[in-house]
Amino acid sequence: LNALKLNSTREYIKHRLHVAGGDPDLFNEEAINTVFEYSGGIPRLINILCENTLFSAFLMKTKNITSQLVLEVAEDFGLMPAEKVMAEESEE
């Protein structure tokens, strides 16, 4: 699959939550933007980042998926914003 654009990433996350029987609005808009920023729109990375963010939220007993929570999970995985990764690759 090709990388998704921001709008497609938003719809993808909402669709996956709906199909799983969850609240499609669980991730607020800023959280979706952060998922997009750190996944670069790559579906596999979107899935991994969202799944682990949901797991972290469960452990924290919160249903409030914020940008800060997504960012913490991304950093735990050693992910960098996609733009930064592409910039570093072009310098090599």
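A crossing of two helices is called right-handed if the near helix is turned clockwise from the far one by less than a right angle. With that in hand, here are some close-up views of this predicted model.

**View 1. Helix H1 crosses helix H3 in a right-handed manner.** The axes of H1 and H3 (residues 43–59) come within 11 Å and cross at roughly 50°. That angle makes H1 oblique to H3. On the H1 side, look for Thr9, Tyr12, Ile13, Arg16 and Leu17, which meet Pro43, Ile46, Asn47, Cys50 and Leu54 of H3. By residue class, this contact of H1 with H3 divides into 7 nonpolar, 2 polar and 1 charged.

**View 2. Helix H2 runs roughly parallel to helix H4.** Here the two axes cross at roughly 25° and come within 7 Å. Because angles under 35 degrees count as roughly parallel, H2 is described as roughly parallel to H4. H2 contributes Glu30, Ala31, Thr34, Val35 and Tyr38 to the contact, while H4 contributes Ser67, Val70, Leu71 and Ala74. The residues in the contact of H2 with H4 comprise 6 nonpolar, 2 polar and 1 charged.

**View 3. Alanine 31 is a buried residue of H2.** This alanine lies in helix H2, and its relative accessibility is 0%, so alanine 31 counts as buried. Setting aside neighbours within four places in sequence, alanine 31 is in contact with Ile65, Thr66, Ser67 and Val70. For a sense of distance, the C-alpha atoms of alanine 31 and arginine 10 are separated by 9.9 Å, although these residues are 21 residues apart along the chain.

**View 4. Phenylalanine 27 sits in the largest nonpolar core.** The core has 16 residues, and those touching the most other members are Ile13, Phe27, Val35, Leu49, Cys50, Ile65 and Val70. H1, H2 (29–39), H3 and H4 (67–76) are the elements that give two or more residues to this core. Leaving out neighbours within four places in sequence, phenylalanine 27 is in contact with Ile13, Leu17, Ile32, Val35, Cys50, Thr53, Leu54, Ile65 and Val70.

**View 5. Lysine 14 is a buried residue of H1.** You will find lysine 14 in helix H1 (residues 6–19). Its relative accessibility is 19%, and buried means under 20%, so lysine 14 counts as buried. Not counting residues up to four places away in sequence, lysine 14 touches Pro24, Asp25 and Ile32.

Key. Residues are numbered from 1 along each chain as its sequence is written. This is a predicted model: local features need pLDDT of at least 70, side-chain atom pairs count only at pLDDT 80 or more; totals for chains, interfaces and linings use all residues. Side-chain values use heavy atoms; hydrogens and water are left out. Helices (H or I, at least four residues) and strands (E, at least two) are DSSP runs, numbered from the N terminus. Buried means under 20% relative accessible area, exposed over 50%, partly exposed in between (1.4 Å probe, protein chains only). Contact means heavy atoms within 4.5 Å. Axes are lines fitted to C-alpha atoms, for helices over the stretch in contact, and angles run from 0 to 180 degrees between N-to-C directions. Angles under 35 degrees count as roughly parallel, over 145 as roughly antiparallel, 65 to 115 as roughly perpendicular and the rest as oblique. Ala, Val, Leu, Ile, Met, Phe, Trp, Tyr, Cys and Pro count as nonpolar, Asp, Glu, Lys and Arg as charged, and the others, Gly among them, as polar. A nonpolar core is a set of buried Ala, Val, Leu, Ile, Met, Phe, Trp, Tyr and Cys residues joined through side-chain atoms within 4.5 Å.
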